[in-house]
Amino acid sequence: MSALSELGTLRRKKPPGHKRGPGGGAGKKATKDNLAAYLFLTPWLIGLFVITIGPMLASLYLAFTDYNLIQAPEWIGLENFTRMLSDERLHNSLRVTFTYVLVSVPLQLALALLLAVVLDRGVRGMAFYRSIFYLPSLLGSSVAIAILWKQVFGTEGLLNQLLAQVGIEGKGWISDPSTALGTLVALNVWTFGAPMVIFLAGLRQIPAMYYEAAAVDGAGSWRRFRSITLPMLTPIIFFNLVLQIIHAFQSFTQAFVVSGGTGGPSDSTMFYTLYLYDRGFGNFDMGYASAMAWFLLVIIAVLTAANFVASKYWVFYDD
Amino acid sequence: MRPLIRTVSSRGSRRRFRAVAAIAIAASLLAASACGGDSGGGANADGEVTLRFNWWGSDTRHKITQEVIDSFQKEHPKIKIKGEYGEWSGYWDKLATTVAANDAPDIIQMDEKYLREYADRGALLDLKKADGLSTDKFEPDTLGAGEFDGGLYGLNAGINAFTIVANPAVFKAAGVPMPDDKTWTWDQYTQIAAQITTKLNGKGWGTGAYGTNDASLNMWARQHGQSLFTKDGKLGVTPEGVTEFYTNLLKMRDAKATPTAEFTSQDMNAPLDQGGMATGKLAMSYSWSNQLNALSKASGQQLKLLRLPSVSGKATENGAYYKGSMFWSISSRSKHPKEAAEFVNYLANSTAAGNLLLAERGVPPNTEIRAEVAPKLKPADAASHAFIQEIVKELGEPSPPPPVGGGQVEKIIQRYTTEVLFGRQKPDQAAKAFIDEVNGEIK
């Protein structure tokens, strides 16, 4: 915010000896400025309309059609949506996705908060640690890491080799339907760096005087964490929570690569997005896939709204 | 703190927008497909034409296919062929996307599973109407699978049979003699495989599990007087038949003839050169005859093809038939159908191409080319060629091609096989669910 207001003041300052163009009134100047602004914005505006809003509207139309990718779409009204009610694989994909979100997001945030608090103590070489912990966030959703994950948790993967060292017999973590989703949860938790950096920034904003006052009153470190750090940090926790929930709902790459595009074994890693993709491109069922996409939008919107409503009861604003 | 929260909410909504952006982008491609596009470059000023050619396969195939392209381009300097290739698993998603975006490759390596899916929707050219594509020298039976509704939508690229591939080196390591595949039954097969597993003592298994593709179920059904699909495009297996199929699978697993469920689940979608046959973990597995070459290369061993076991111990009753290993199709939206047909003609009917392709995509259906090529085959291809000739007297009727939607059966059967192997569903539950689901997919 401060950077923006600074920009504003900069613009208002006119260079000394600035001359207006012939006949250049203040009004014209503003229009010119606006024009220039829009010109600079053009690439993003084109992006917004051509590759976001246009396609979104197209997919909204397709959601009410039977569209097999090759022939022209055919209007079928609400049929795609009624079909979703009885589609058991869809229900399974919702179960898988919700489990993934409900397990991985809290774990990831807890880990991020823990490490942020530890790092905030002024560890030597903090910048180094911060970078190291942040690294997985940059790499986590990449194909390369998903492939690595597949190797690590494979039947003859690194994890099993390590377990063998201590005499535990491993298993095919990724090929067993009961543990496959767990490996993806682990992958998501591993990318705790992004929320951690935001937590770190939030911790820096808590005025030291609160801690000093508490210390004078004889509060121990746990007490200080519970009664100062945590409440002061709730807006940041809320921000991270909303962001990570949305992020987790959209997970696709990891499951796609780790399961070889099948959502397997046995649909155990069939995320909603993966099923959507499979219907659309694997089963030539793009109308249904579009309907699913809009349903996902509704789910995420409702959950985010619920989050905002709930936030009134637990998020503390210091002003 | 207030301003931060304002940022939060606007960011949140932006993210929400992104939630569907990915789909929306895909959808935009689709929407655009209605207004026409360019299928792989046009003719430039000197009349030079560029065609795109898609295929799936292993490294071996990529290499020889590129050699054929080079040799074709030498003979036809005005036609450039751009090869695009990849793994089987990603191939179909990519093809569906490009076809939807009206950006289909001109020449498509097609599988029986998806032939109707594309042809029935008008995405493929009727090859009977293509200029300069001759099928005179083709063995008549081999054209049938690509022919329906009066048109020819896929030209057989090679003859294939579903077999068991065996690694003699693993048999030797286990001290088990190679079986007599002309007389063996499922029980004998199970015993032999179990014996190998025991002798290998943790280093491998007797045979891979079946049920990891639709072909194995089709063969099982054929041995029991059924067939995966009927001629009129319906599902041809009964719940009892599929139950028995899965019961026998469990029997083989309990006898330790097949690997653990985890291994099978990992193996069923592994690329050919990382699968259990290539790594020498399995003494036997199921395979199409033309894959002998690629599998032998990947494993570094001279592998051997065996007939499938049968219920009765008679090779004539093991359900074998000649299948088109794959097909050449031309996109109906190709800008240069004449040149594309010329290239397909070259693939199918020229000795130059035949000498390069040999039997890697299956035994050539063009009888002249087959005779020309036979003496030049390298050991693995010679062996699959010999195998195909050897079983000719045992063959049953060809299997009807899958109806629209039949391409999904492979994924569906893999899922239920996993359920059964991990004990999450009983054979009869899985059989019923399998049939319900397939019936829901086929149109």
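The structure is a predicted model, in which local features need pLDDT of at least 70 and side-chain atom pairs count only at pLDDT 80 or more, while totals for chains, interfaces and linings use all residues. Residues are numbered from 1 along each chain as its sequence is written, and chains are lettered from A and ligands numbered from 1 in the order in which they are written.

**Confidence in chain A**
- The pLDDT, the predictor's confidence in each residue from 0 to 100, averages 84 in chain A, and 90% of the residues score at least 70.
- Confidence is lowest in helix α1 (residues 2–12) of chain A, with a mean of 42, and highest in helix α14 (residues 286–314) of chain A, at 93.
- Helices (H or I, at least four residues) and strands (E, at least two) are DSSP runs, numbered from the N terminus.
- Where pLDDT is low, the predicted coordinates should not be read in detail.

**Helix α13 of chain A**
- Ten of the eleven residues of helix α13 (residues 272–282) of chain A are buried, meaning that 20 or more other C-beta atoms, placed from the backbone, lie within 10 Å of the residue's own.
- Among the buried residues are Y272(A), L276(A) and F281(A).
- Just after α13(A), F284(A) has a positive phi of about 55°.

**A sheet in chain B**
- Four strands of chain B form an open sheet in the order β9-β10-β8-β11, with mixed pairing.
- Because β9 (205–207) and β11 (304–306) of chain B stand at the edges, each with a single partner strand, one side of each lacks a neighbour in the sheet.
- β9(B) pairs with strand β10 (residues 282–288) of chain B in the parallel sense over two bridges; strands pair if DSSP finds at least two bridges between them.
- W205(B) stands opposite L282(B) in β10(B).

How values were computed: Buried ≥ 20, exposed ≤ 12 C-beta atoms within 10 Å, placed from the backbone.
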